[in-house]
Amino acid sequence: MITFITNVAAQFTAKSLIAIAVATGCGVVIGLIYYTVLGKAWQHAASMTREAARAGRSLSTYLIAGVCYAVLALTLFGVTWHVSLGEVTLRASLIAAGFAWFGFIASTMMANHRFQGRSLSLTLINAGHWLLVIFAQGVVIGLLA
């Protein structure tokens with residue numbers, strides 16, 4: 001048990017924490033730009049009025065989103081670190097990002113949206129956002145960690 005705790009703690013160096021912070025920031029910026037550009041298409045695909053979309057833009061919503069981007073970056077770093085046996089590289093990080101996006105993000109989003117009766121365009125818009133975010137975070141983690 002002590003060895004496990006020591007190994008987990010060893011992965012969080014100042015360098016890796018900076019990489020996770022920068023990756024989090026990249027996710028936030030990508031989200032802001034992506035949904036600014038595709039905002040109207042997203043509203044239409046989500047069957048949401050402009051007023052309803054505006055009502056969802058509270059400080060708490062943005063804070064929760066920021067925490068979620070941080071969790072994604074932290075998890076991606078952890079998965080990359082573990083599957084690459086502590087040797088975080090750009091290649092390992094991008095492979096981990098690809099598997100995570102396809103196996104966890106896109107697949108669960110597709111299933112959830114189908115059961116919720118959501119449009120395929122909403123799924124594609126949202127999945128595209130997360131694809132960009134996780135690969136950008138993978139690049140940052142792979143280069144900085």
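Analyst: Start with contact: two residues touch when heavy atoms lie within 4.5 Å. The model is predicted, so local features need pLDDT of at least 70 and side-chain atom pairs count only at pLDDT 80 or more, while totals for chains, interfaces and linings use all residues. Residues are numbered from 1 along each chain as its sequence is written, and side-chain values use heavy atoms, with hydrogens and water left out.

User: Which residues does His129 touch, not counting residues up to four places away in sequence?

Analyst: His129 touches Gly31, Tyr34, Tyr35 and Tyr69. His129 sits in helix α7.

User: Is His129 buried or exposed?

Analyst: Look at relative accessible area: under 20% is buried, over 50% is exposed, and in between is partly exposed, with a 1.4 Å probe and protein chains only. His129 has 1%, so the residue is buried.

User: What share of the protein chain is buried?

Analyst: Buried residues make up 33% of the 145 residues.

User: How many helices and strands does the protein chain have?

Analyst: Both are DSSP runs, numbered from the N terminus: helices are H or I with at least four residues, strands are E with at least two. Here there are seven helices and zero strands. The pattern along the sequence is α-α-α-α-α-α-α. The C-alpha trace spans about 50 × 30 × 30 Å along its principal axes.

User: How is a pair of packed helices described?

Analyst: By the angle between their axes and the distance between the axes. Axes are lines fitted to C-alpha atoms, for helices over the stretch in contact, and angles run from 0 to 180 degrees between N-to-C directions. Take α2 (residues 14-37) and α7 (residues 120-144): they pack at about 155 degrees, with axes 8 Å apart. That makes α2 roughly antiparallel to α7; angles over 145 degrees count as roughly antiparallel, under 35 as roughly parallel, 65 to 115 as roughly perpendicular and the rest as oblique.

User: Which residues make the contact of α2 with α7?

Analyst: Among them are Ala19, Val22, Ile30 and Tyr34 of α2, and Leu124, His129, Leu132 and Val140 of α7. By type, the contact has 15 nonpolar residues, seven polar and one charged. Nonpolar covers Ala, Val, Leu, Ile, Met, Phe, Trp, Tyr, Cys and Pro; charged covers Asp, Glu, Lys and Arg; the others, Gly among them, are polar.

User: How many disulfides does the structure hold?

Analyst: A disulfide is a pair of cysteine sulfur atoms within 2.5 Å. The structure holds zero. Cys26 is in none, and its nearest cysteine sulfur, that of Cys68, is 17 Å away. That distance is too far for a bond. Cys26 is partly exposed at 26% relative accessible area. Cys68 is partly exposed at 41%.

User: How do I read separation in sequence against separation in space?

Analyst: Compare residue numbers with C-alpha distances. Ser16 and Val140 are 124 residues apart along the chain, yet their C-alpha atoms are separated by 10 Å. Ser16 lies in helix α2 and is buried, at 2% relative accessibility. Leaving aside neighbours within four places in sequence, Ser16 contacts Gln11, Phe77 and Ala145.

User: Where is Thr75 found?

Analyst: Thr75 is in helix α5 (residues 59-83). Thr75 is partly exposed, at 44%. Thr75 and Ala100 are 25 residues apart in sequence and 9.8 Å apart, C-alpha to C-alpha.
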